[in-house]
Amino acid sequence: MKRKEDGVRPGRVFFRPLDFFIVVFFLFIAVFCFELFRNDLMQTFSLQNVDPVGTVVIKRNTVQRRLSDRAIWDRLASESPVYIGDLIRIADISAATLYIDANSIDLDENTIIRITRAPDGEGIQITLSEGSLSLVAEDQSKSLVIDLNGQKVQTGRGTVLTAAVSEEQKSFQVSEGFAQFVEGGVAREITAGSAVTMAADGTLRVSRAVVVTSPQPNSRYVKNSASPLTVDFAWNRINLEPNMRLRLEIAQDSGFVRIIRTLNNLDRTARTQFDAGYWYYRILYQNEVLATGQLMAADGTMRLVSPALNSIFRFQDELPTLNFQWERREEASSYSFEVSSASDFSFAQIRMQVSSPSQVISSLGEGLWYWRVKPLFPSVYNGEGAFSPTAFFRIEKTAAQIIEAPLSQWIAEQAPSLDLPPEVPAEIIPQEIIAAQIASVQVNLDVPANGAQITGLAALRQPVVFRWDTETQIESSRFIISANANPLQGQPFRVISNPARTVNIDGLAAGTWYWTVEVRTANNIVVSAPPRRLQVLPIQPLAAPANLQPQGRLGFTELQSQRSIVFRWQAVQGANAYIFTLSQQTAGGRRQIIRTTINSGTSYTLNNLRLLDRGTFVWQVEPVNIRGNSIDQRGNIGERTLIIDIPAPGPVQIEDTGILYGN
């Protein structure tokens, strides 16, 4: 017989004191978390009874807000309200624009601010803990206080400024208007074109700088045509000698790894062009960065999707329901949607503002209808969008007796509108009649020939010429060029309504392009020519320069006698400038010392030998071809290694001090 151990009956479960403690502990945590959630939720509900102080006008990527005395971060969206006590932070590759008391405040990536009451208890104060911001105050705006971790800046009407805070320093620049810098209870006026830099301990620094007055900080533009957007730059020079020429660099990223354009030998102004997208710029003296900024060009053009051009919608009793669709523009806040029976839209039956890229309409009756759409952008954008090319469609009412009528009766009634000769027999079916009409419309594509090739430089430097013709009397036409083998499908590169018989297209990148012309006759017959193929060849890089000198080793004797180093290379055919770069090879990689563009000649003289130390240096020359303010053709890079062999300093030996000791 098996003995029962310790009097424990098999299959029985006991509840230990430790188990009780664990249950109570986790119940406490659950109640505590629920209370936090309830308080957070009640604060959210209470905001419905609190007036916001501003609005998030624009948001890009991740922007978070935490209310005062609140543990949870919210994700802000465009048109979200902001309140006193809000802590707002901007993540990497993100941005936001706040609109507070007629002040537009742009917050850059990796920025944290808090919105509080100003010291006077009435105005608004923006405390910038880290990162950077830009402010544009309208003429009717209220004054704001910007707190740079203890240093206060008071804005005024019409003020345009930028401010930044880091561990090393705090700085702000005034581009327009004025601001008051409050230090030790004393206010000092800072006028337009001035910059203030403070070290971490609060002491002022005087250094070379550039204050960009145009474009305004974080400017946003609307590019409302196929042509690039032209932007004029202007700036004030601070502590710079008149002979110090500056350089403007344009890049696709904030780290300036993908620099797409460089403008050299600048004084106080520059002009350049931008395609749609986010762009970063900086102004340098040699390799010293004096100012940085960014701007955005939004695509303000529009392409209609549905109904397709020249569509026909038939109905018997109830009017058709039409779903209008067009391209979405991410930066647009809404769209202006118009439908009219007049091609010039002198009177619009439908004119409305919608927030989504589509609209359902069921109130249009019989007739020919025209429609168009324009993107609308927030007020912080410069410029406005353009209306799309006008599209048209037809709504026809079909009587039941016509549908049920004999084929011969249908032909007799429709033949006049089809412009057919009277001898057409009644046995021909309607599809054949329409096919005969389509076959009579000829569209001829003349130049360039199908399969033609042009060089990438030719397409870049001058427009590509297209010629077409037709002998048919037409009501309208469209020139279409696309990367799609069927240009009538997908999103074309360029569409021109009612073009001339000769069309000039610029901006064709390397690749294969297909083009055609679509025409519409007075009988509403639409015909397009078979697409032709055009190949734009890639731009070949220029050859690398040869005979790069010096190379090898330079010793103390050579440097002492020369007092400078002249870098020379052989000219490259097709190049009109050269980009010279000098770097030092270190354990962590190459450290760039000099990067400059040589617009004439095939040499560069380094007079300041203090930039060099003993060690290994690498110098490069890239041939380029520059037209206007941009590089048309890049080249292969020539590279040489140069070793600076300067003896390391040894201990100082003193042979005779020349000191006499006396009584």
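Me: Which strands each supply at least two residues of the lining of the largest cavity?

Reply: A strand is a DSSP run of E with at least two residues, numbered from the N terminus. A cavity is a set of points on a 1 Å grid over the protein atoms alone where a 1.4 Å probe fits but cannot get out, and lining residues have an atom within 4 Å of a point. Here the strands are strand 1 (54–60), strand 6 (95–100), strand 19 (219–223) and strand 25. This is a predicted model, in which local features need pLDDT of at least 70, side-chain atom pairs count only at pLDDT 80 or more, and totals for chains, interfaces and linings use all residues. Residues are numbered from 1 along each chain as its sequence is written, and side-chain values use heavy atoms, with hydrogens and water left out.

Me: What volume does the largest cavity have, and which residues line the largest cavity?

Reply: A volume is the space filled by probe spheres set on the points, which are joined across faces, edges and corners. For the largest cavity this is about 90 Å³, and the search of the whole structure finds one cavity of 30 Å³ or more. Its lining includes I58, K59, R60, Y278 and M296. By class, the lining has six nonpolar, three polar and three charged residues; Ala, Val, Leu, Ile, Met, Phe, Trp, Tyr, Cys and Pro count as nonpolar, Asp, Glu, Lys and Arg as charged, and the others, Gly among them, as polar.

Me: Where does the largest share of the lining of the second largest pocket come from?

Reply: A pocket is an open set of grid points with protein on both sides within 12 Å along at least five of seven lines. The second largest pocket has a volume of about 1000 Å³. Of its 42 lining residues, S132, A164, A291, T292 and G293 are the closest to its centre. Strand 25 (288–299) gives the largest share, seven residues. The lining divides into 18 nonpolar, 17 polar and seven charged residues.

Me: How many residues has the largest nonpolar core?

Reply: In soluble globular proteins, nonpolar side chains tend to be buried together. A nonpolar core joins buried Ala, Val, Leu, Ile, Met, Phe, Trp, Tyr and Cys residues through side-chain atoms within 4.5 Å, where buried means under 20% relative accessible area with a 1.4 Å probe, protein chains only. The largest has 34 residues, and L98 and F172 are among those with the most contacts inside it. Strand 9 gives the largest share of this core, six residues. A second, separate core of 28 residues includes A298 and W326.

Technical notes:
Helix = DSSP H or I, 4+ residues; strand = E, 2+ residues; numbered from the N terminus. Buried < 20%, exposed > 50% of the residue type's maximum accessible area, 1.4 Å probe, protein only.
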